[in-house]
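Student: I would like to learn how to read ligand sites and a strand arrangement from a model. Please take the features in turn.

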Amino acid sequence: MSRPAVLVAGRMPPNVLDQLEASFTVYRLPDSANEADRMIDAVGPLIRGMATNAVQAPPIDRLERLPALEIMASSGIGTDALNLDYARQRGIRVTHTPDVLTDDVADFALLLMLATSRQLLRADRNVRAGRWLDGLSLAHRVSGKRLGILGLGRIGQAIAQRAAAFDMTIGYHQRRRNADVAYRYYDRLVALAADSDFLVVVVPGGPATDRMVDAVVLEALGPEGILINVGRGSTVDEPALITALTQGDIRGAGLDVLANEPQVPDALHALDNVVLAPHYASATMETRTAMGQLVVDNLRAHFDGRALLTPVA
Ligand code: NAP
Ligand code: 8YV
């Protein structure tokens with residue numbers, strides 16, 4: 001019997017392609033839109049499986065041209081870009097990669113908190129420019145401060161565990177109180193922000209969280225507050241954030257994600273109180289390899305008729 005055809009759409013962890021090629025007939029979607037269209041014209045009707053990721057999943061008009069698609073295996077936990085409603089209507093199965101990335105994303109949140117508050121990149125730029133301490137103001141402590149977590153899920157709880165080792169006071173906001181933790185629950189995000197020195201965003205993207213962190217929340221965070229975002233850029237009102245950073249309404253921000261990636265607003269380039277990363281929090285060899293393995297294993301499980309390892313609920 002011929003091997004199932006699998007389309008690879010988007011960047012893939014290093015261990016994926018060889019393994020897919022061992023089990024499937026693999027087509028790699030080119031980056032250029034014209035070339036990608038030509039490939040889909042040629043092989044679209046044959047494609048039964050897809051390997052993609054949480055930020056580069058194909059839009060619905062492309063999925064329409066894959067009439068035999070049975071499964072999309074995404075590298076990443078977030079499902080906001082996966083067109084889940086459309087997939088459900090068509091009976092396309094969807095898998096993602098929870099848990100294996102939790103520790104690295106939590107580590108990165110702490111890294112952004114420390115780098116922003118302790119002015120690590122300003123200090124680095126000073127030294128490289130031959131200025132040593134000239135013009136470098138005193139930084140601000142992280143240990144013992146108040147941490148607010150927007151989204152105390154898997155990653156949020158891992159952030160809280162790490163922050164506890166820094167003697168931080170921890171509060172959180174999400175839709176439901178978590179009865180299993182002793183951290184203070186806030187049923188209003190603005191109240192959490194008002195009680196926080198650091199506000200870390202780690203909720204899923206999508207309409208329910210769209211621009212939840214708005215001018216009012218930033219004003220509540222206040223001039224000594226720092227915003228960290230390792231969730232999705234869409235959750236923060238970016239123009240309001242830029243205004244707050246520019247006017248000193250908040251002290252700084254550490255951003256792994258932006259509203260319109262990979263576009264970076266010019267204003268952010270110019271701001272010295274922001275630490276930026278290119279959606280990089282899960283990007284370690286260890287975690288991306290584990291994510292890639294789940295992509296491969298889910299596709300193999302589907303085509304072998306076994307239970308999926310990590311289906312999207
Ligand atoms: P999770 O375990 O599902 O946790 C998500 C948390 O967000 C839950 O505790 C949930 O609590 C809360 N939440 C969901 N919708 C909400 C809403 N409308 N308002 C307030 N709180 C809400 O997910 P996770 O594994 O921790 O991952 C969280 C997100 O991080 C992912 O969805 C992804 O977008 C992002 N992420 C980013 C990177 C990166 O590279 N930067 C890497 C991995 C993940 P309630 O249901 O009680 O509201
Ligand atoms: C990845 C992510 O950077 O898991 C997510 O939701 O956003 C990140 O882990 C993304 O999946 C790109 O591969």
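Predicted model: local features only at pLDDT ≥ 70, side-chain atom pairs only at ≥ 80, totals over all residues.

Student: How many residues surround ligand 1, and which are the closest?

Tutor: A residue is near a molecule if one of its heavy atoms lies within 4 Å of it. Here 26 residues surround ligand 1, the closest being Arg154, Gln174, Arg175, Arg176 and Asp256. By class, 13 are nonpolar, eight polar and five charged; Ala, Val, Leu, Ile, Met, Phe, Trp, Tyr, Cys and Pro count as nonpolar, Asp, Glu, Lys and Arg as charged, and the others, Gly among them, as polar.

Student: Which polar side-chain atom lies 3.3 Å from an oxygen atom of ligand 1?

Tutor: A polar contact is a pair of N or O atoms within 3.5 Å. The side-chain atom belongs to His279. From the backbone, Ile155 places an N or O atom 2.9 Å from a ligand 1 oxygen, and a polar atom of Gly153 is 3.2 Å from one. Taken alone, ligand 1 exposes 920 Å², of which the protein buries 88%; accessible areas come from the Shrake-Rupley method with a 1.4 Å probe.

Student: What surrounds ligand 2?

Tutor: Its shell has 13 residues, and His279 is among the closest, together with Ser75, Ile77, Gly78 and Arg232. Polar backbone atoms of Ser75 and Gly78 are each 2.8 Å from an oxygen of ligand 2. A polar side-chain atom of Ser282 is 2.8 Å from a ligand 2 oxygen. The protein buries 90% of the 330 Å² that ligand 2 exposes when taken alone.

Student: In what order do the five strands of the open sheet lie?

Tutor: Strands are DSSP runs (E, at least two residues), numbered from the N terminus, and two strands pair if DSSP finds at least two bridges between them. The order is E2-E1-E3-E4-E5, with parallel pairing. Strands E2 (25–28) and E5 (93–95) stand at the edges with a single partner strand each, so one side of each has no neighbour in the sheet.

Student: Over how many bridges do E3 and E4 pair?

Tutor: E3 (residues 47–53) and E4 (residues 71–75) pair over five bridges.

Terms used. Residues numbered from 1 in each chain as written. Chains lettered and ligands numbered in written order. Heavy atoms only, no water. Polar contact = N/O pair within 3.5 Å; in protein donor to acceptor, adjacent residues only side chain to side chain. Helix = DSSP H or I, 4+ residues; strand = E, 2+ residues; numbered from the N terminus.
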